[in-house]
Amino acid sequence: MTHRPLDEPARIVRPHPVEPLWNQPPDPAQVDPAVLSALLHRHGWQRRGGAPGRYGRWTPPGPGGSGTSLLVPETRAFPDSEDLLGEALLALSRSGSPSARDVLVGLAVPSDEIRWWRDVPTGPVDAAPWAVEDQLRTAARQMLLAGALATRARVGYYGARHRRPAAAALENVLVGAAPGGRRLTAFVPVGTGRPLAVRLHEALYAAREAIDYQRATGGMDAFDAAVEAGVSHELTEALVALVRGSEGARIAVEWAPGAGVPEGCATQAEPVEFSPGDLPALREAGARYLRAEPSVPVRITGTVVRLRRSGPRGEGTVRLRVIAGAEVPHVRMTLDEEAYRIAGHAHLVGLPVRVHGRLESRGGFRRLVAASGVTPVQVDEAERDRLMKSLQENLDFFEEACGGE
């Protein structure tokens, strides 16, 4: 276990842009009445009358909603429109309904909403075991990551490739779980995450069509074509994790009302459904993607972060932190004695190296095979100083690893 030194300042955590906003009423002047009405309808509120063309009366979902209502203007054309908006927003911020929070989140940061439902047995008082809710969250995150990966490239298997930028794309995604562990909603900000939502929307429909084709004909060809829509080993694994242990699952993507519908997407698409009967096709497709993805020729520039060999002579294993040339954070490779010596000396003087080889798909594209042409690369002084500082912190290890040469 490691501990932070007492004199070291705590790391500043960047707040999510919606955190200080959702639990206080938005400025009525910044709220479009049509967007508010659309969000209320999306989250289960019922319109129960009101003056046509002027305002609507909305009540929250559930049996206890009949005693509470909001008056929401349909336009800003009337003198009391802003007052009604202000009263409705204040009532939402004070409401204990989970749907009220979801509406406020959608107003604070315009977001596309991705929803998951799992049909699982319930426990006492509609509760679910911890593992059930954890499985839903894990599968949902895997699915979002698969969608983010598909915005970077269209391949059947990513492994370690593109992981860092894909994970970074999820930083501004908010998640809201419903009681019972059977439903989950992700709010994907339009400004930064719409490509993710669009790609996942298309990939889910392509996966459904490929499964139907496989179950009808026994052929896997449709899964090959589905790669262009964003289907991958990672997506099939996420779907397996979502459906396994349930009686079925559904996923729906709903577009932010204020941002419009993306080109080529349906305004109101039905949820995509998956059942336990789809699991054999999904598992077979995932294995097929894993086998079919070829190794990739690359020229990588990176810094040596680990050196190891069994004796003072002969070949050894080197680990590089990748700077350029491949969308992976680190690679391992086996070098002959001369190339290993060059890599060790380059690190000792604070220089990265450049090397040619093939990024092997087995192991997740983390290993470089047939490595050759190891050459030190010149860098600017600031980067060299940083590398030398890293060396000084690990000098004993590198002297031992280099065999005293």
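Biologist: In what sense do strand E12 and strand E13 pair, parallel or antiparallel?

Modeller: This is a predicted model. Strand E12 covers residues 353-360 and strand E13 covers residues 367-376. Over six bridges, the sense of the pairing is antiparallel.

Biologist: In what order do the five strands close into a barrel?

Modeller: The pairing in this barrel is mixed. Neighbouring strands are turned against each other by 50° on average, direction ignored. The order of the five strands is E9-E10-E11-E13-E12.

Biologist: Which word describes H2 relative to H3?

Modeller: Helix H2 (residues 81-94) packs against helix H3 (residues 98-108) with the axes 8 Å apart. The angle between them is about 125°. An angle between 115 and 145 degrees is neither roughly perpendicular nor roughly antiparallel, so H2 is oblique to H3.

Biologist: How many residues of the contact of H2 with H3 are nonpolar?

Modeller: H2 brings Leu 89, Leu 92 and Ser 93 to the contact, and H3 brings Ala 100, Val 103, Leu 104 and Leu 107. None of these residues is charged and one is polar. The number of nonpolar residues is six.

Biologist: Which helix has the lowest confidence in the protein chain?

Modeller: The chain averages a pLDDT of 83, and 83% of the residues score at least 70. Helix H8 (residues 233-243) has the highest confidence, at 97. Over residues 394-405, pLDDT stays under 50. With a mean of 42 over residues 395-401, the helix of lowest confidence is H12.

Note on methods
Residues numbered from 1 in each chain as written. Predicted model: local features only at pLDDT ≥ 70, side-chain atom pairs only at ≥ 80, totals over all residues. Heavy atoms only, no water. Axes fitted to C-alpha atoms, helices over the stretch in contact; angles between N-to-C directions. Helix = DSSP H or I, 4+ residues; strand = E, 2+ residues; numbered from the N terminus. Parallel < 35°, antiparallel > 145°, perpendicular 65-115°, else oblique. Contact = heavy atoms within 4.5 Å. Nonpolar A, V, L, I, M, F, W, Y, C, P; charged D, E, K, R; others polar. pLDDT = per-residue confidence, 0-100. Pairing = 2+ DSSP bridges.
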